[in-house]
Amino acid sequence: MPIRNGAEYIQSLRGRSLRVFLFGELVEEPVDHPMIRPSINAVAETYDIAERDFEIASAQSSISGIRVNRFLHITENTMDLVNQNRMQRKLGQLTATCFQRCVGMDALNSLYSTTFEIDAKYKTNYHKRLIEFIKMVQEENLMIGGAMTDVKGDRSLSPSQQEDPDMFVHVVKRDSNGIYVSGAKAHQTGCINSHWIIVMPTMRLRQEDKEYAIVGAIPTNANGITYIYGRQSCDTRSMEGDLDAGNAKFSGQEAMIILDNVFIPNELIFMQGEVEFASMLVERFTCYHRRSYVCKTGLGDVLIGASAAIADYNGVANASHIKDKLVEMTHLNETIFSAGIASSYQAHKTASGNYQNDDMLANVCKHNVTRFPYEIARLAQDIAGGLMVTMPSEKDFRSPETGPILEKYLKGKKGISTENRVRILRLIENMTLGRNAVGYLTESMHGAGSPQAQRIQIARQMQLEYKKKLAKDIANVVEGESNELTQEQSEYFNRIFSAE
């Protein structure tokens, strides 16, 4: 039976015998660990929203012929991409954290078009294999994780030049049934909460890197996989009660995946040695994934709301400078969303038939995300005040001796309970300094490529010669060459000016 809702999803994670290490110890059942469970709850919300708001969070699939969770859907038109963004913002509002499924969604879509083009050149059957895999996960309603980021070792060296070949995931052995891979993938979002992991190359590859040009699907509990859970700021608060956590129900998840001779059968291999297509896959994935960062606007909505609430609780909601800061926070948040949603609206059809969003605007969206959440967080802390980081613990509030003292001296505006004031302050702390600052801030900086990666992609599409010709034509500049506009236009301008 397919997974129907969040409760069934949580149940599906039990009894898988995963090798998960946290604080140096093997975790017996990750579902029941108090530090891990909030991240599972966040994924469960991606199942429940498909039941509550099926227009946004589900779609009719031509692959399986059924209505599927949008995180498993291959985009068939522009509105599929737009609805992904709408769903991502809504889930950000509902969880105020990373809900961990965007990587898998974007991996499936980028692989769909890339495998089609590999097959066209080499007469392989990767695309057919992928379609069968997609059909299976759609019918069973499974969670897919995407593993792209290798640990990389010496960044000045290519994969094949590394002293230790395991710095990048690579083939170590082949037989008639498939391949065996080893290596490690770093800071993998939601990997322990997934049913399947799709392993992909992390960068452009050369011919000598052929053994690293591997894409394949692996069950999360496959033999040879070890997970080492990532530490997050203030993460142990989830074991200390719900007040100090700030967001006790939801959190993100990152872990390192160690692959030690992990088997991938032939039918689940979607690239094997076609090095020239590694860059295509990476660029298409990052194009999808960088506009997926509109999810951060949902988190921004929550943080703006918390800032407005604490201003009200503190009795300063009508102060002009507070209103101005809330306006600025909203302006920055909507600027992120506008670039992401525009990238989706400016989509084009690939040779395979699915739709790819606009690359220039995707990179602009993600580049905004590397900056604006930090400023929104700074303004939230400004509005909140220093009490956000100097409050006593929940145990002090619950103590019969110190609790009444704190209740008296930490009271704000008349009619507002001290505990409610504390809860909002803890939420702001959680999102700007604590556990969920991982997803809102640092992930915003480095996820889907650090800022320089976006600047490189933007620079490739600037078309400065074309723009210089525009200026020279308007100014009647004559430099001895034809005064006609250069025909050099990027795909970005072609899509802008297309009649379609």
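1. D260 has a relative accessibility of 48% and therefore counts as partly exposed; the classes are buried under 20% relative accessible area, exposed over 50%, and partly exposed in between, with a 1.4 Å probe and protein chains only. D260 belongs to strand β11, residues 254-265. Strands (E, at least two residues) and helices (H or I, at least four) are DSSP runs numbered from the N terminus.

2. This is a predicted model, in which local features need pLDDT of at least 70 and side-chain atom pairs count only at pLDDT 80 or more, while totals for chains, interfaces and linings use all residues. Residues are numbered from 1 along each chain as its sequence is written, and side-chain values use heavy atoms, with hydrogens and water left out.

3. Together with E163, D164 and D166, D260 forms a negative surface patch. Patch members have over 30% relative accessible area and no salt bridge, with like charges joined within 9 Å and nonpolar side chains (Val, Leu, Ile, Met, Phe, Trp, Tyr) within 5 Å. Asp and Glu count as negative, Lys and Arg as positive, and His and the chain ends are not counted. The charge is placed at CG of Asp, CD of Glu, NZ of Lys or CZ of Arg.

4. L259 is also found in strand β11, but with 4% relative accessibility L259 counts as buried. Leaving out residues up to four places away in sequence, L259 touches V169, V181, S182, G183, V199, G224 and I225, where contact means heavy atoms within 4.5 Å. Q461 lies 202 residues from L259 along the chain, and their C-alpha atoms are separated by 37 Å.

5. V199 sits in strand β8, residues 196-199, and is buried at a relative accessible area of 3%. Its contacts, again without residues up to four places away in sequence, are A147, V169, K185, I214, V215, G216, I218 and L259. From V199 to L94 the C-alpha distance is 29 Å, over a sequence separation of 105 residues.

6. The structure holds 28 salt bridges, each defined as a side-chain nitrogen of Lys or Arg within 4 Å of a carboxyl oxygen of Asp or Glu. One of them joins K185 and D150, with the closest N and O atoms 3.1 Å apart. Because K185 lies in strand β7 (residues 178-189) and D150 in the loop between β5 (144-147) and β6 (170-175), the pair ties together parts 35 residues apart in sequence. K185 and D150 are both buried.

7. A salt bridge between R204 and E283 has its closest N and O atoms 2.6 Å apart. This pair links distant parts of the chain, 79 residues apart: R204 is in the loop between β8 and β9 (214-219), and E283 is in helix α7 (residues 278-291). R204 is partly exposed at 48% relative accessibility, and E283 is partly exposed at a relative accessible area of 28%.

8. D244 and R426 meet through their side chains in a salt bridge of 3.5 Å, N to O. D244 is buried at a relative accessible area of 8%, and R426 is buried at 3% relative accessibility.

9. D242, E394, R398, E419 and R423 are linked in a network of salt bridges.

Notes: Accessible areas come from the Shrake-Rupley method with a 1.4 Å probe; for residues, only the protein chains shown count as cover.
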